[in-house]
Amino acid sequence: MNTPVPVKEGKVREIYDLGSRLVMVATDRISAFDVILKNEISGKGRILTQMSRFWFDYTRDIVPNHMISCEASYLPEEFRTERFEGRSMLCKKLTMLPIECIVRGYITGSGWKSYQENGTVCGIKLPEGLKESEQLPEPIYTPSTKAEIGDHDENIDFMQSVVVLEKAFPGHGAEYAGALRDLTIALYKKCADYARSRGIIIADTKFEFGLDEEGNIVLGDEMLTPDSSRFWPADEYEPGHGQPSYDKQYVRDYLKANPDCDYTLPEEVIAKTIAKYEEAYEKLTK
């Protein structure tokens with residue numbers, strides 16, 4: 001039996017082309033600050049796949065998604081091995097839209113830094129007097145461009161997203177930009193409300209969308225995982241400072257505190273990272 005060869009490798013995912021469909025495999029790699037770390041987080045890929053699976057099922061009423069199945073019986077025989085078990089998703093093939101659809105419900109990270117400098121986040125004026133990690137009056141949509149591995153995404157405003165999409169899909173820039181914004185906010189609101197009921201605050205997240213063969217907008221890539229979102233424990237939430245988290249912010253914090261580590265994690269950081277991912281998964285899906 002031949003070992004499958006990916007047609008594309010991202011920071012965390014591998015994509016295998018089956019002709020009219022794709023198999024997306026979440027590896028145990030982890031990235032931070034646009035760099036793939038030298039360690040793997042054992043079991044992480046399975047959690048990312050199964051968490052995305054949960055959210056894709058939960059949000060089908062808002063927008064269709066690319067997931068066909070995560071069951072091994074749907075996959076070609078060469079994917080029915082331990083290497084791929086639990087971390088593989090059979091997907092529809094999409095033409096991806098060149099925008100990262102970021103939504104922020106709380107002010108933190110780069111948004112907090114920008115707000116401190118000029119009272120805005122990605123060009124959006126926010127109320128005065130907000131504290132770090134405070135919930136925003138309404139979620140805000142702050143898109144960015146998609147960068148290649150090793151490059152940085154560039155934050156853009158809504159009108160710039162229209163231009164980017166118009167360049168890629170002439171005659172559809174404004175239509176697609178508006179649809180992506182509205183879908184992103186709707187997905188966030190539904191999922192954030194659910195997560196809060198399970199003891200987790202979704203501070204921010206990102207979505208990616210593509211077009212199917214009929215030209216319909218379809219949700220793709222991953223969805224609301226600890227890799228693509230900030231998850232905070234609701235019972236420890238306290239505005240005015242950074243929050244404890246269930247996501248890879250823990251890894252980012254370690255790297256910032258240890259600039260000479262050369263993107264290598266000690267075993268205790270690896271163990272605590274996967275424990276955080278597992279706890280988030282259990283809280284949200286069980």
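Pro-76 is placed in the loop between strand S6 (67–69) and strand S7 (88–92), strands being DSSP runs of E with at least two residues and helices runs of H or I with at least four, both numbered from the N terminus. Pro-76 is partly exposed, with a relative accessible area of 24%, where buried means under 20%, exposed over 50% and partly exposed in between, using a 1.4 Å probe and protein chains only. The C-alpha atoms of Pro-76 and Leu-90, which are 14 residues apart along the chain, are separated by 9.7 Å.

This is a predicted model, in which local features need pLDDT of at least 70 and side-chain atom pairs count only at pLDDT 80 or more, while totals for chains, interfaces and linings use all residues. Residues are numbered from 1 along each chain as its sequence is written, and side-chain values use heavy atoms, with hydrogens and water left out.

- Leaving aside residues up to four places away in sequence, Phe-207 is in contact (heavy atoms within 4.5 Å) with residues including Ile-99, Val-103, Leu-187, Tyr-188, Met-223 and Leu-224.

**Packing of H3 and H4**

- Helix H3 (residues 158–168) and H4 pack at an angle of about 125 degrees, with their axes 8 Å apart, the axes being lines fitted to C-alpha atoms over the stretch in contact and the angles running from 0 to 180 degrees between N-to-C directions.
- That angle makes H3 oblique to H4, since angles under 35 degrees count as roughly parallel, over 145 as roughly antiparallel, 65 to 115 as roughly perpendicular and the rest as oblique.
- Among the residues that make the contact are Phe-158, Val-162 and Leu-165 of H3, together with Tyr-176, Ala-177 and Leu-180 of H4.

**Positive phi values**

- Most residues other than glycine have a negative phi.
- Asp-34, in the loop between strand S4 (29–32) and strand S5 (35–40), has a positive phi near 65 degrees and is partly exposed, with a relative accessible area of 22%.
- Leu-224, in the loop between strand S15 (217–220) and strand S16 (229–233), has a positive phi near 50 degrees, and Leu-224 is buried, with a relative accessible area of 1%.
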